[in-house]
Amino acid sequence: MRRLVIWLLAGVFVALLTVVVFCPAAWMAVVVERQTNGRLTLGDAQGSLWRGSAFIGGAPSGSDPVTPLLPGRFSWRLSPLALLGQVDLTLENPDALSQPVQITGSWQQWQVSAASVALPAERLVGLGAPLNTIQPSGQMRLTWTPLQVTRQGDALEVAGTTTLHMDDIASRLSPVKPLGAYQLIMDWRGQQAQMALTSVKGPLLLSGNGTLANGRLQFSGKAEAEAGQEERLANLMNLLGQRRREGDKNVIALEFK
C-alpha cells in the first residue's frame with residue numbers, strides 16, 4: 001500500500017512537471033487580457049510559456065478575429081527561476097521595440113529596462129471608442145525610463161516616466177493633414193500619473209495638464225489654431241469642445257473629468 005501511494009505521488013509530480021514545462025504560450029494570452037482588463041490579448045501564440053512568440057492585438061469581441069495593434073511579433077524568454085519566485089524575462093521585437101526589454105525582479109515587484117515602442121496610429125482603432133471614431137493616422141512612439149512596477153493586490157503601482165511622441169497626426173474628422181505633432185509626458189507615482197501635453201508644431205495646437213488615477217482621466221487644456229489657420233480648422237475645433245475667449249483669440253476648452 002505504501003509503495004502504491006509513493007508511485008501515485010510520483011505520477012502526479014511527473015504530470016504536474018510536464019504541464020509546467022510544456023504549458024502552451026496561449027496561456028500568456030489569459031494573463032495579458034486579465035492585466036489589461038480585456039483591452040489587449042496575444043494573437044497566434046506559438047511556443048511555450050518559457051519561450052514563445054505572438055503578436056499583440058485588441059481583445060476580440062464575439063467571433064471577431066484578433067487584429068494586430070503593433071508591427072511584428074513579440075518573442076519572449078522566461079527563466080525557469082520564475083518557479084522559485086525570481087522573474088527574469090526578455091522581450092524582443094525588432095519591428096516595434098527600439099531594443100530588447102529586460103524585466104527582472106519577483107512576482108510582486110519588478111524592474112523594466114528603458115526602451116521605446118512604435119505605435120502606428122492607424123492600428124489603434126482596434127482599441128475601440130473613441131479612437132475608432134477619430135480614426136487617427138500618423139507616427140507614434142512611446143518611450144520610457146527604467147520603470148519599477150509593484151503589485152498591490154489586483155492593482156499595479158508604477159514609478160518612472162513615459163513619453164508619447166506623436167508626429168504628423170491626422171484624423172478622418174478633418175481634411176487638414178497633418179494636424180500637427182505633439183508630446184504627452186506622464187510622470188508615474190504609484191497608481192497615479194501626472195500628465196502634460198504640449199505641441200511641437202501645428203497647425204492645430206494642443207496643450208494642457210491632468211492626472212490619470214486608477215484608470216480615471218482628469219484633464220484640463222485647450223486647442224487653438226495657428227495664426228492664419230482658423231478657417232481651415234473651424235469645423236474640427238467645433239467638434240472638440242466649447243469655445244472660450246483668451247485675450248484676442250478664440251480657443252477650445254478641452255475638459256475631461
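The following legends describe close-up views of a predicted model of a single protein chain.

**Figure 1. Overview of the predicted chain.** The chain holds 4 helices and 17 strands. Of its 257 residues, 35% count as buried. When contacts between residues at least 6 apart in sequence are considered, 36% of them join residues at least 24 apart.

**Figure 2. The largest nonpolar core.** This core has 52 residues. Those with the most contacts inside it are Val112, Met140, Trp144, Met166, Tyr182 and Leu204. Two of these residues, Met140 and Met166, are taken up again in the next two legends.

Figure 3. Met140 belongs to strand 9, which covers residues 136-144. Met140 counts as buried because its relative accessibility is 11%, below the limit of 20% for a buried residue. Leaving out residues up to four places away in sequence, Met140 touches Val117, Ala118, Leu119, Ala121 and Leu124, as well as Leu164, His165, Met166 and Ile169.

**Figure 4. Met166 and its approach to Met140.** Met140 and Met166 are 26 residues apart along the chain, and their C-alpha atoms are separated by 4.5 Å. With residues up to four places away in sequence not counted, Met166 touches Gln139 and Met140, a run of residues made up of Gly180, Ala181, Tyr182, Gln183 and Leu184, and also Leu197.

**Figure 5. Thr163 within strand 11.** Strand 11 comprises residues 155-171 and includes Thr163. The relative accessible area of Thr163 is 12%, so this residue is buried. Beyond its neighbours within four places in sequence, Thr163 is in contact with Arg141, Leu142 and Thr143, and with Gln183, Leu184 and Ile185.

**Figure 6. A nonpolar patch on the surface.** Leu81, Leu83 and Leu84 make a nonpolar surface patch of about 330 Å². Leu84 is located in the loop between strand 4 (74-78) and strand 5 (86-92). A relative accessible area of 72% places Leu84 among exposed residues, for which the value must be over 50%.

**Figure 7. The aromatic pair of Phe219 and Phe256.** A search of the whole structure finds 1 aromatic pair. Phe219 and Phe256 form a tilted pair, with 6.3 Å from centre to centre and 50 degrees between the planes. Phe219 lies in strand 15 (residues 216-225) and Phe256 in strand 17 (residues 249-256), so the pair ties together parts that are 37 residues apart in sequence. Phe219 is buried, with a relative accessible area of 9%, whereas Phe256 is partly exposed, with a value of 42%.

Figure 8. Side chains of opposite charge can pair when their charged atoms come close. In the whole structure, a search finds 5 salt bridges. Lys201 counts as partly exposed, at 44% relative accessibility, and Asp168 counts as partly exposed, at 43%.

**Figure 9. The salt bridge of Asp187 and Arg189.** The closest N and O atoms of Asp187 and Arg189 are 3.1 Å apart in this salt bridge. Asp187 has a relative accessibility of 28% and therefore counts as partly exposed. Arg189 is exposed, with a relative accessible area of 54%.

**Figure 10. The salt bridge of Glu224 and Lys222.** The side chains of Glu224 and Lys222 meet in a salt bridge with an N to O distance of 3.7 Å. Glu224 is buried, its relative accessible area being 11%. For Lys222 the relative accessible area is 21%, so this residue is partly exposed; the limit that separates buried from partly exposed residues is 20%.

How values were computed. Residues numbered from 1 in each chain as written. Predicted model: local features only at pLDDT ≥ 70, side-chain atom pairs only at ≥ 80, totals over all residues. Heavy atoms only, no water. Core = buried A, V, L, I, M, F, W, Y, C linked by side-chain atoms within 4.5 Å. Buried < 20%, exposed > 50% of the residue type's maximum accessible area, 1.4 Å probe, protein only. Contact = heavy atoms within 4.5 Å. Helix = DSSP H or I, 4+ residues; strand = E, 2+ residues; numbered from the N terminus. Patch = residues over 30% accessible without salt bridge, like charges linked within 9 Å, V, L, I, M, F, W, Y side chains within 5 Å. Areas by Shrake-Rupley, 256 points an atom, 1.4 Å probe, with all protein chains shown as cover. Salt bridge = Lys/Arg side-chain N within 4 Å of Asp/Glu carboxyl O. Phe/Tyr/Trp six-rings, centres within 6.5 Å; stacked < 30°, edge-to-face > 60°.
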